[in-house]
Amino acid sequence: MSIAQRGTSATGLGNGDTGYHTCDRWRFFELGSPTFEFTQSQSTDVPTGQGFATSLKMDCTTAQGSLASGDALTIVQRIEGQNLQYLKKGTSNAESLTLSFWVKSNKTGTYIAELFDYGNTRQISKAYTIDTANTWEKKTITFAGDTAGVFINDNGFSLQLTLWLGSGTDYTSGTLNTSWNSVTNANRAVGQVNLADSTANDFWITGVQLEAGTTASDFEFLPYDVNLRRCQRYYQIVGQGGNFSGSGGMITNGAAHSSSIAYGVLAFLTEMRTAPSLDQTTGTNYFRFQANSAAYSFDSFTSASGGTRKIRINNTDSITVTVGHAGWFNTDNAAASLALDAEL
């Protein structure tokens, strides 16, 4: 939970939200049409003496005492198939997986951790218990290897780790599926408590590790720069905040392709999972192209002709510029931002 490129807090998460907001690679994912709302944040509340500096916190801000049948609240992480081949899934030598993590909540009771094989529509769920309110506890859960359903060896979404925080009867009315099987929704989250039933409810998690085998090893602490580069495979910030006359965030060099459009090429900080889309905060004159001692303001970018290592960008709305003039793009508003998104 040490990397949070998008920000350290996001409020009002609820109905219709399936996005990434704070700690990198952790996706808030709700189903149905719930009325609950949560604030998600990168927190400094961590288990004492374990080496962690940050955790992911979920704070219920609008309660929903009874979830509708199709409502669900989860946080998930998705994994590329090419990163999973060593598990030998779909063969007689399939490896078990052990999940370990530290967790804390005022809401005691049963929670569900799930592995979901997206490509083969198979899943397995295991229950764990938060025993003592507001106390950090370490949990270790082992999932058996799956001898059916091979992970596709590519950069696509293959396996999802789902941490359930609330679920309606569509996901709880059967018998918890503790062995690999084809997906039956009613068997996925049986027994799960409802973290959304009170605005007093909070949930923290950190030190999540998923590894081959039947035992959990000590958490592998990696240098900050290594973690950051891994996260930047999926999301990386290009320019953020500032003002051109002061601390404007330079985005890239460019040149006027026509009298109204300037092109720039973004070389990525690290190779991305796939050609990314632009994730930008836009508004009137949020960006500028600076050339020949003049500044040409515009509102947003578009992208084209890209790959996993670089992409071409240009201003979406017209400017008036001299063809061939070289310059650079930068942010020109404290709220402006431009990022590259290749998330699963």
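1. Two strands are paired here if DSSP finds at least two bridges between them. Strands are DSSP runs (E, at least two residues), numbered from the N terminus. The model is predicted: local features need pLDDT of at least 70, side-chain atom pairs count only at pLDDT 80 or more, and totals for chains, interfaces and linings use all residues. Residues are numbered from 1 along each chain as its sequence is written, and side-chain values use heavy atoms, with hydrogens and water left out.

2. Start with the hairpin. β19 and β20 form it, with 5 residues between them. Ser305 sits in the turn and has a positive phi of about 50°. The strands, β19 (residues 301–304) and β20, run antiparallel and are joined by 4 bridges. Thr302 stands opposite Asn314 of β20.

3. β20 (residues 310–315) also pairs with β15 (residues 262–267). This pair is antiparallel too, with 5 bridges. Leu266 has Ile311 in β20 as its bridge partner.

4. Now β4. Strand β3 (residues 37–43) is joined to β4 (residues 55–62) by 7 bridges, and the two run antiparallel. Ser41 faces Lys57 of β4. A further 4 bridges link β4 to β12 (residues 202–212), again antiparallel. There, Met58 has Phe203 in β12 as its bridge partner.

5. Which residues touch the most other members of the largest nonpolar core? They are Phe38, Tyr111, Leu115, Tyr128, Leu159, Phe203 and Ile205, out of 40 residues. A nonpolar core is a set of buried Ala, Val, Leu, Ile, Met, Phe, Trp, Tyr and Cys residues joined through side-chain atoms within 4.5 Å. Buried means under 20% relative accessible area (1.4 Å probe, protein chains only).

6. Phe38 deserves a look. Leaving aside neighbours within four places in sequence, its contacts (heavy atoms within 4.5 Å) include Phe28, Met58, Cys60, Leu73 and Leu195.

7. The structure holds 1 cavity of 30 Å³ or more. The largest cavity has a volume of about 80 Å³. Of its 13 lining residues, Glu95, Leu97, Gly145, Asp146 and Trp180 are the closest to its centre. A cavity is a set of points on a 1 Å grid over the protein atoms alone where a 1.4 Å probe fits but cannot get out; lining residues have an atom within 4 Å of a point. Points are joined across faces, edges and corners, and the volume is the space filled by probe spheres set on them.

8. By class, the lining of the largest cavity has 8 nonpolar, 2 polar and 3 charged residues. Ala, Val, Leu, Ile, Met, Phe, Trp, Tyr, Cys and Pro count as nonpolar, Asp, Glu, Lys and Arg as charged, and the others, Gly among them, as polar.

Technical notes
1 Å grid on protein atoms, 1.4 Å probe; cavity = no way out; pocket = protein on both sides within 12 Å on 5 of 7 lines; lining within 4 Å. Buried < 20%, exposed > 50% of the residue type's maximum accessible area, 1.4 Å probe, protein only.
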